[in-house]
Amino acid sequence: MWRAALRACLTGRSNGSKGIWGSRMHTCTAPAFPAARITAVQAMALWRRHFEDRGVTEPGPSIQHITAHVLGAKTVESLEQQKLTELLSQETTEQIWKLCTRRLSRMPVQYVIKEWDFRDLTLKMRPPVFIPRPETEELVELVLADLQTHQAANGPHTSLEVGCGSGAISLSLMKSLPQLEAVALDQSEAAVALTWENACRLGLQGRLQVHHMDVMQDADSVLGLCSSVSALVSNPPYVFSEDMETLEPEILRFEDHTALDGGEDGLNVIRQILALAPQILSDHGRVYLEVEPRHPPLIQRWVEANVEELRYVGTHHDITSRPRFCILQKEKSNKDQGRDPY
């Protein structure tokens, strides 16, 4: 199959196929397969230039990840110099060409190599399940800081993740907190299946429940899943609908739009999560959200006007200094500031 795609790229012919979102994709043109054997260094230089010429984002990291993956390593830096300068076998060269041709179509490198690291985990990846971003690692750190601080005094905790995708958040929390029980849900069957697959690969399936459920459509079912949750965590769809078309081709062509599009103001799913939170959280339990930088003041105002039992605790900035994370806490009312959480 890849050989046919490669031939199409080499000849410049198009089969008129459409991407998974129905938009017509232009056939790429790969560089000619080398007539003589080449080294990994030469292959990387060739493909980096080709990616740059074709406007592929992050050309250097893309070819480095692909080459390292084919050579059985995590990074190019971890490979011995001899491995990079010895002549590649034809089979290895073909594998690099195959994966780079996929990247040339703007398929994200995470899907190309079918795995990605998130904190201390290696997770399987496949389209169209949402790819975890570096910012989400920061969200996990915020949750861990609270749960680790209060676990000794309050015993084991339970977390609920809305929109689990590949399972990155829940599995990372469980890996760091051996006593944590987790419930994860997603409206996508593909995401639910991938989360469970990753949990089984990591040996964490015994403490995890995964459910195919839409928080927007199945509110009663969500409420029936669990109560007295210490942490309700979500990286929900938060892109403003009008901004969807401005996203990179890697996102628009391959990732699940329902995991990205948050509606007119990006808050559709977020409002639903916050409305349900008081019935899900334990006393002084917290909601942790990753959001669009314009959202924190909007969320704070909406909660103060509509959800009496939630108190807006604060906004945290990501590594690029953008307001990215919102933390809210269950209280008796907004007027009752309560005591310290947990």
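Me: Buried means under 20% relative accessible area, exposed over 50%, and partly exposed in between (1.4 Å probe, protein chains only). Which residues of α9 are buried?

Reply: This is a predicted model, in which local features need pLDDT of at least 70 and side-chain atom pairs count only at pLDDT 80 or more, while totals for chains, interfaces and linings use all residues. Residues are numbered from 1 along each chain as its sequence is written, and side-chain values use heavy atoms, with hydrogens and water left out. Helices (H or I, at least four residues) and strands (E, at least two) are DSSP runs, numbered from the N terminus. In α9 the buried residues are Ala191, Val192, Leu194, Thr195, Asn198 and Ala199.

Me: Within what arc do the buried residues of α9 fall?

Reply: The arc is taken from the directions between the helix axis and the C-beta atoms. Seen down that axis, the buried residues line one face of α9, because they fall within an arc of 165 degrees.

Me: Which elements do the buried residues of α9 pack against?

Reply: Contact means heavy atoms within 4.5 Å. The elements that the buried residues of α9 pack against are β2 (121–124), α8 (168–176), β4 (181–186) and β5 (208–212).

Me: Which residue caps the N-terminal end of α9?

Reply: A polar contact is a pair of N or O atoms within 3.5 Å; within protein, one must be able to donate a hydrogen and the other to accept it, and residues adjacent in sequence count only if both atoms are side-chain atoms. Here the backbone nitrogen of Ala190 lies 3.3 Å from a side-chain oxygen of the capping residue, Ser188.

Me: How many of the eight residues of β9 are buried?

Reply: Strand β9 (residues 323–330) is largely enclosed by the rest of the structure, because the number of its residues that are buried is seven.

Me: In which sense do β8 and β9 pair, antiparallel or parallel?

Reply: Two strands pair if DSSP finds at least two bridges between them. Five bridges join β9 to β7 (residues 281–290), and these strands run antiparallel, with Tyr288 opposite Ile327. The β8 and β9 pairing covers seven bridges, and its sense is antiparallel.
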